[in-house]
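Thanks for coming, everyone. Please take a look at the screen, and I'll walk you through it.

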Amino acid sequence: MRELVISLVQTINGSYAQDSWSTGVSTEADFDYFISLRKQAGAIIIDRRTALNPALPVINAPGKALAHTPVHVLTESDPAQLSKQLAEVGLDYRAQHFTPGTLTQVLEAIESTSDTLVCESGPNLAYRLLDAYPGAELHLSLSPLYSRNAGSHFSQLEADLNLRLIDVRTADDQVFLRYAKA
Ligand SMILES: NC(=O)c1ccc[n+]([C@@H]2O[C@H](COP(=O)([O-])OP(=O)(O)OC[C@H]3O[C@@H](n4cnc5c(N)ncnc54)[C@H](OP(=O)(O)O)[C@@H]3O)[C@@H](O)[C@H]2O)c1
C-alpha cells in the first residue's frame, strides 16, 4: 500500500486559510516542514477549491522543483467538468474521480514517481482521505498565529500576538499547549 501523508496547517483560532490563502496561516518553520514533505512526494493530491484558487502558486510550474511531479485533483463531483476548468486556467493538474469505496483503488493506481503521496488539500478532502484510505497519516501543524478572516470575530482586529510555546502535554490523543506572550 502507498503511504499518504496529509499535510495541514492551522492557526490557534482554528483557521485553515486567510482570505482563501493557506500561506497566511503558516510560519517559516511550518513552510520548512512543508518543503521537507514535498521533497518526498511522488505525487501531490489536492482538492478542487485549492487547485482553482488563483492566489496559490502553481505546484508543478515549469522550472520549479516539482515540475515533473504529477498533481492530482481528487473530486467526488464530475471530473470532466473539473478537467475543463483546470485546462481553462492552464493548470497541468489531473482530475481524478473518487468515492469512499473506490479511493484505495484510485490512490494505488494514480501516476506517481514514488510510493509516497503528499496531500496538500484543505480539511474537507483531508477528512475524506483519512476516513477511507488505510495508508493515510495526518501531519497537523499548529502555528502560533491568530488569523483574521472576514466574518470571524477577529475581522476588525490586527490580531497580531507574539506568543511563545511554554509547554506541550498529551493525554489520550488530546494535545494541551500552553502559550505565553513573548
Ligand atoms: N491550512 C491548510 O493546510 C490548507 C491546505 C490547503 C488548502 N487550504 C485552504 O482550504 C480551503 C479549501 O479546503 P476546505 O476543505 O475548507 O474546502 P471546502 O470548501 O470545505 O470543501 C472543498 C470541497 O468542496 C467541494 N465543492 C463543492 N462545490 C464546489 C465549488 N463550486 N467549487 C469548488 N469546490 C466545491 C469540492 O469537492 P468535490 O470536488 O468533491 O465536489 C471540494 O473538494 C481553501 O481556502 C484553501 O486555501 C488550507
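**The sheet, the core and the ligand**

Strands here are DSSP runs of E with at least two residues, helices are runs of H or I with at least four, and both are numbered from the N terminus. Some ground rules. This is a predicted model, where local features need pLDDT of at least 70, side-chain atom pairs count only at pLDDT 80 or more, and totals for chains, interfaces and linings use all residues. Residues are numbered from 1 along each chain as its sequence is written.

Back to the sheet. Strand 2 and strand 5 run parallel, joined by 3 bridges. Ile 45 has Cys 119 of strand 5 as its bridge partner. Strand 1 also runs parallel to strand 5, with 4 bridges between them. There, Glu 3 stands opposite Thr 116. Two strands pair if DSSP finds at least two bridges between them.

Now zoom out. In what order do the 6 strands lie in the open sheet? The order is 4-3-2-5-1-6, and the pairing is parallel. Strand 4 (94–97) and strand 6 (136–142) are at the edges with a single partner strand each, so one side of each has no neighbour in the sheet.

Next, the core. The largest nonpolar core has 27 residues; Leu 4, Ile 44, Ile 45, Val 73, Leu 117, Cys 119 and Leu 129 touch the most other members. A nonpolar core is a set of buried Ala, Val, Leu, Ile, Met, Phe, Trp, Tyr and Cys residues joined through C-beta atoms within 7 Å. Buried means 20 or more other C-beta atoms within 10 Å of a residue's own, with C-beta atoms placed from the backbone; exposed means 12 or fewer, and partly exposed is in between. Strand 2 (43–46) gives this core the most, with 4 residues.

Last, the ligand. How many residues surround the ligand? There are 23, and the closest are Ser 22, Asp 47, Thr 75, Gly 122 and Asn 124. Near means that a residue's C-beta atom, placed from the backbone, lies within 6 Å of the molecule or strand. Strand 1 (3–10), helix 2 (48–51) and helix 5 (123–132) each supply at least two residues of this shell. By class, the shell has 8 nonpolar, 10 polar and 5 charged residues. Ala, Val, Leu, Ile, Met, Phe, Trp, Tyr, Cys and Pro count as nonpolar, Asp, Glu, Lys and Arg as charged, and the others, including Gly, as polar.
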